[in-house]
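User: Can we walk through this model together? I'd like the surface first, then the helices.

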Amino acid sequence: MSDRGPLGSRRLLALVWPGQEAAALAGLRALVATARAERARLRLACLRPLPPPRVDHWDRIVANVDREMDRITRATLERFDAAARVFDDVAIEWHDGLDTLSGVAAAY
């Protein structure tokens with residue numbers, strides 16, 4: 001059986017809402033099993049609002065919004081990558097930093 005559907009390769013999209021990262025990690029095994037059964041790639045999109053700039057105790061900006069988003073994104077992706085290392089038979093893609101559903105739709 002080919003891994004391509006009528007419109008191209010099969011993909012399973014899972015949305016991770018703000019504050020639900022731990023639940024997504026706990027459910028990763030079930031998502032991978034579903035993707036494996038469907039011969040699909042697994043795509044996880046972490047949605048989150050833009051963070052405020054990081055400030056010091058004098059309210060001076062020490063990390064602007066882009067830098068803070070980059071820091072949060074790296075930390076999240078490291079956690080998800082570590083959890084996904086045991087699943088080498090299913091392609092897993094991570095998308096983080098998308099703060100709108102239209103951004104997810106465009107990436108999907």
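**Surface patch and helices**

Analyst: Leu13, Leu15 and Trp17 make up a nonpolar surface patch, with about 250 Å² of accessible area together. Patch members have over 30% relative accessible area and no salt bridge, with nonpolar side chains joined within 5 Å. A salt bridge is a Lys or Arg side-chain nitrogen within 4 Å of an Asp or Glu carboxyl oxygen. Areas are Shrake-Rupley with a 1.4 Å probe. The model is predicted: local features need pLDDT of at least 70, side-chain atom pairs 80 or more, while totals for chains, interfaces and linings use all residues. Numbering starts from 1 along each chain, and side-chain values use heavy atoms, without hydrogens and water.

User: Where is leucine 15 placed?

Analyst: In strand β3, residues 11-16. Strands are DSSP E runs of at least two residues; helices are H or I runs of at least four. Leucine 15 is partly exposed, at 33% relative accessible area. Buried means under 20%, exposed over 50%, partly exposed in between.

User: Switching to α3. Which residues are buried there?

Analyst: Glu68, Met69, Ile72, Thr73, Thr76, Phe80 and Ala84. They sit on the same side of α3 because they cover an arc of only 130° around the axis. That arc is taken from the axis-to-C-beta directions.

User: And what does the face turned away carry?

Analyst: Exposed Arg67 and Glu78.

User: What caps the N-terminal end of α3?

Analyst: Asparagine 64, with a side-chain oxygen 3.2 Å from the backbone nitrogen of aspartate 66.

User: Glutamate 21: buried or exposed?

Analyst: Buried, at 13% relative accessible area. Glutamate 21 lies in helix α1, residues 21-26.

Conventions:
Patch = residues over 30% accessible without salt bridge, like charges linked within 9 Å, V, L, I, M, F, W, Y side chains within 5 Å. Buried < 20%, exposed > 50% of the residue type's maximum accessible area, 1.4 Å probe, protein only. Polar contact = N/O pair within 3.5 Å; in protein donor to acceptor, adjacent residues only side chain to side chain.
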